[in-house]
Every structure is written in C-alpha cells, then in structure tokens.
Amino acid sequence: MTVYRIDVSNRNVNQEELPKSYHLLGARGLVDAIIAAEVEPTCDPLGPKNKLVFATGLFAGTSVASSSRTSVGTKSPLTGGIKESSAGGPGGLYLGKLGVKAIIIEGVPRDNQWQYLKVDKEGAQLLPADELVGLGCYDTCQKLHYIHGEKACVFVIGQAGEQKMLAANIAATDKEGVPTRQFGRGGVGTVMGAKKIKAIVIDVGDAGYVQPLNKELAKSASKKFAQGLIKNPVSGSALPKYGTAVLVNTINSFGSLPTRNFSSGTFGEANEISGEAMTELQTKRGGKVGHACTPGCVIRCSNVYVDKDGQEITGGFEYESICLLGSNLAIGNLDEIAYLNRLCDDYGLDSIEVGASLGIAMDAKIIPYGDFPAAKEAIQSISQGGLLGKIIGQGAKVTGQVFGINRVPAVKGQAMAAYDPRGIKGMGAIYAVTPMGADHTAGPSCTTFIKAKPEEQVHLAKEYHIKATALDNTGLCRFCSYATFNDSETLAALLEIIKAYYDLDVSVEEFWDWGKKILQVELDFNQRAGFTATANRIPEYMQIEELGPKGVVFDIPDEELDNILQF
C-alpha cells in the first residue's frame, strides 16, 4: 500500500510503502497515528511543523457497501489539539483502487506559490494553481474537471481556506462531480491553505476494485453486511426517505433544537424545515432524495436540493446545516437555508461553525434574528474580505470574544452541532470529552440518548465513544453504526469482511478495543499539547442558564465526565 509524502517547501513528491505496523489502521486511526508520530503537539498549526494527512479506510477501493469515506487529520488551528474529519464522495474509493493508503502534506512553500496535487495510476505530481486562486469550490472544480475529465474526484478549498480562516473546511466532490461533501470540522481547510495546496485531483482511470484474499467469504459477508444496513429502520428506511433532516421534528419535540443562538430548544417553524417537508418539496420540484454520494452506498441519505425552477441550489443538505443556519438563526424557510448552505460549500466553510458564529452575531444584535439577506451578506463578506466576514470566518469562539457574548456554544474552541446538551445530556457528555472538540459523531446517535434513562447517559457516552472510534478506523459511513452497534449479525458480518480481506480473526472485544487504542493516541497528543481536564467541560452558562421550554441545565458532574475517559 502506497503513501505519498508531499513536501511543499521543496516541491518534492516521494512514494513510500505503508509501514507494517500501520496495516490494520485506516481512516481516523491512520491519520491519528501519523500525526501523533510526526507532529510536535505544541507546534504552530499553520506553521511548517504541522502536517495534513489524508487516509483511506480498511476497505477503500473494494465493493463493500458504504465503505469509502476518506479521513483528513492535522493539529487543529481551531482547537489546538489533534483533529480528524471525514467525508463521503468517491475519493476514498478512487484512492483505494489506486493502492494509495495515505497522502502526507508537510512544510510550507518558500516561494508562496499555490499548487494542486494530481494523483493517478502514474503517481503523484504537484502542478501550478495560479489560475485557481481566488475561486470558490464550484468554479475550481469546474476548471479542474475540464482539464482532468469529469470523472476525477476533487478535494478543494475555497476562499476561506486561502485566507486561513479558522472555520475553513475542505470540500470533496460527490459522484456527480459537485463539491457537496465536506471535511467539515476543526479548520482543516485552514491548514491546507497554509500549505498553499488549492486542490487534490484523483483520477482513477480504469483501475479496478481491490480484491479480497478470500473471495467467497468476502462475497457472502458483504451481502450480509449490506442486508443488515438495509433492514435497519434508520439506515434502511428513514435516512434514504428523508435524509438526516428527519431529526428536525424529533429533536424539536424533545426540546433540544438549537434556536436563537442556543437560547431555546424549540423552533416554531421546525416542521417547515424538516426532512418530511424537504422530501415533499423536492418530490414536487424534481429534486433528489435517497441520493448516494458515492458508488456502493446502500444507505443513500444524501439529496440534491433544487429551487422552484428546478435549478440545483445545494446537495448533501444535512440536518446540522439546516439547524445551525436555520433554527439557530430563526430562519424558517428551506430555500433560504439551502442558499446559505450553498455559500458555505462554495467558499469552503464549515456550516456548523459559521451557523454558530452567525447566531452569536445575532445575539449581539449585529444582525437581526431571522434576517436572511443580512445573513447572506455576512457569509458573502467572508469571500470578499469584509470586516464582519473576517470575524465570523474565524469561528464561534472568536466571534463571541469580539462581540462580547458569553453564550458561545463551543467546546475546545469548536462549535457544537445541532443538539443542545442541556436537553440531550449524553450528547453533552460526548461534546465535553471527545478529543476532537464538540463533535456529535464521537458517540451514539442522539436517538440512543433520547430513548435512554437519565442515569444511563454517562454509561452510554463511554461505551459508544469507544465504539464510534473503532468504526471510524474502518472508513465505513458513520450511519453504518445503527446496524453495527445494535445487531450482532451485522457486526459479525463486518468481522468476516475483515477476515476476508486481511486473513485475520478479530473478536468483537478486539474490534472495540481498536477504539480504546485510537482514543488513547488522541488523548495523549492533546495532553502533550497542553490540554487539562478543564478542557473537557461544557460552557459554564449551560450549567446555569435554563433551556426553554423544559427549564433544564447541563448537570452531569465533572467527575463523571472525567470517568468517561478512563478505559
């Protein structure tokens, strides 16, 4: 398995073999291992000592269902700790077919010139990116597809990454070539911008699928695994029908939907921005629901959102974006929220971080709540270098500091996703303790917490924190967790797939232990970076200020939060 090491200081591209000690690491586990081994935890995240690592999962390039996510890792300029973010799209599939396990980008260019990286069957090479600088993600991808063909997958940054804004992400193209899949969190696009890499183009050519060592076992196990995903009521029914926005009404009814900068847990117009409303609207307009972002996905939670004239506004329109750019800003119109999401995708911005920042600006009365034109103008000013854009583009923490607002929904400097931790306290525990910042993907689904008794929340947070991390090592879609965590037959099929491709018998306990080992690497890195136990806390105002309408606060004791990290 190939590793490409890209030294942008000297424009050197070197090809290496993946060390044997890394062979059972993939995606999150692999980027963590490389960052922990090669990056000084106290280094400047935007300096030459930090690295940006792309890595594929254990089944990249295979025909295993929903297995082609790609991870990117770095020392986060937003949190100051280790960071992994993953994205869908065919990039992981293509890299796997090309035999590429990881791409390590290091150094900073001495001549300040922008480059982009092309990876194909012939190898990897840096190419001039002068004509791409200043373009958004959509226009950049259009130009690169014209040069390298429509089938190429592109990882790209927009103007936010070029300007090294802390809320910058990296966009990945979906199977239609549109940059709607996001390495969304932690400012990973900021690091890519610091290294003056505008894009990575992956041209798979005619490379075929990676073949298993045991074809018969792989065929039968892969079929059982896919069937497990399809028969699960969430991954097999709710998500393909309504997308992740199916959660809007559920979380609103539970009183935990971020509204008006996390000052309330319910939104009066929630039903109008729900997954049910979106599906009805897009069915009438000719948009797409039940869309797969990459070949081989059987969950199909994505969508293509079109306007009243049938023109595409955005794609991969997720629950998180709908809430942070919608209810959190008191905007109750799906078309308006979709347009804000399109701007974030085009400029290369984390919609969660930007939505939280805008909510803080509205709380400070810089922008009126519910004012779509003002919100649109604020995001546009990010690409134009405007003062308000420069503030919002630096994320929720900075925005709160500038405007003197202490209601900043963030942990370790990273904005919370669309679940108020006072209403779903187990999710708050995950926000608090994950090494990644306020990351909703670092534990069980919110519905698991909702169904549980209050006294079970901390135990579930600990158990599923480990399980989610183990699953992240495989490169499987996060939504495979619904079946894998709760159905022994689906988990057994996954272990059989590992056997078929790696000739290795892995027990259930050993599989979950992968999560413990990866988390320990992350926790150790953060400790060496200077993190203390106080970093694992929910903001103080959420422990005091009651969340309406239920009047709840976040009240899990500190010692119980600390216990989650003992394993």
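## Six-stranded sheet and helix H1

Contact here means heavy atoms within 4.5 Å. In this predicted model, helix H1 (residues 27-38) lies across strand S1 (2-7), S3, S4, S5 and strand S6 (100-106). The helix runs at about 150 degrees to S3.

These strands belong to an open sheet of 6 strands with the order S2-S1-S6-S3-S4-S5 and mixed pairing. Strand S2 (12-17) and strand S5 (82-87) each have a single partner strand, so one side of each is left without a neighbour in the sheet. From one strand to the next, the twist averages 20 degrees. Strand S3 (residues 51-56) and strand S4 (residues 70-75) run antiparallel and are joined by 4 bridges. Thr 56 has Thr 70 in S4 as its bridge partner.

Strand S14 (residues 302-306) pairs with S15 over 3 bridges in the antiparallel sense. Within this sheet, Tyr 305 has Thr 314 of S15 as its bridge partner.

## Helix H13

Helix H13 covers residues 372-384. At 1.5 Å a residue, its 13 residues should span 18 Å, and this agrees with the 18 Å between its end C-alpha atoms. After H13 comes Gly 385, with a positive phi near 80 degrees.

Phe 372, Ala 374, Ala 375, Ala 378, Ile 379, Ser 381, Ile 382 and Ser 383 are the buried residues of H13. They pack against helix H4 (159-162), helix H11 (334-347), helix H12 (351-363) and helix H14 (387-392).

## Glu 353 in helix H12

Glu 353 is part of helix H12. Buried means under 20% relative accessible area, and Glu 353 counts as buried because its relative accessibility is 1%. Its side chain makes a polar contact with the side chain of Arg 185, at 3.3 Å.

Neighbours within four places in sequence left aside, the residues in contact with Glu 353 include Leu 78, Ala 167, Gly 395 and Ala 396. Gly 413, Gln 414 and Ala 415 are also among the contacts of Glu 353.

Methods. Residues numbered from 1 in each chain as written. Predicted model: local features only at pLDDT ≥ 70, side-chain atom pairs only at ≥ 80, totals over all residues. Heavy atoms only, no water. Helix = DSSP H or I, 4+ residues; strand = E, 2+ residues; numbered from the N terminus. Expected span 1.5 Å × (residues − 1). Buried < 20%, exposed > 50% of the residue type's maximum accessible area, 1.4 Å probe, protein only. Pairing = 2+ DSSP bridges. Polar contact = N/O pair within 3.5 Å; in protein donor to acceptor, adjacent residues only side chain to side chain. Axes fitted to C-alpha atoms, helices over the stretch in contact; angles between N-to-C directions.
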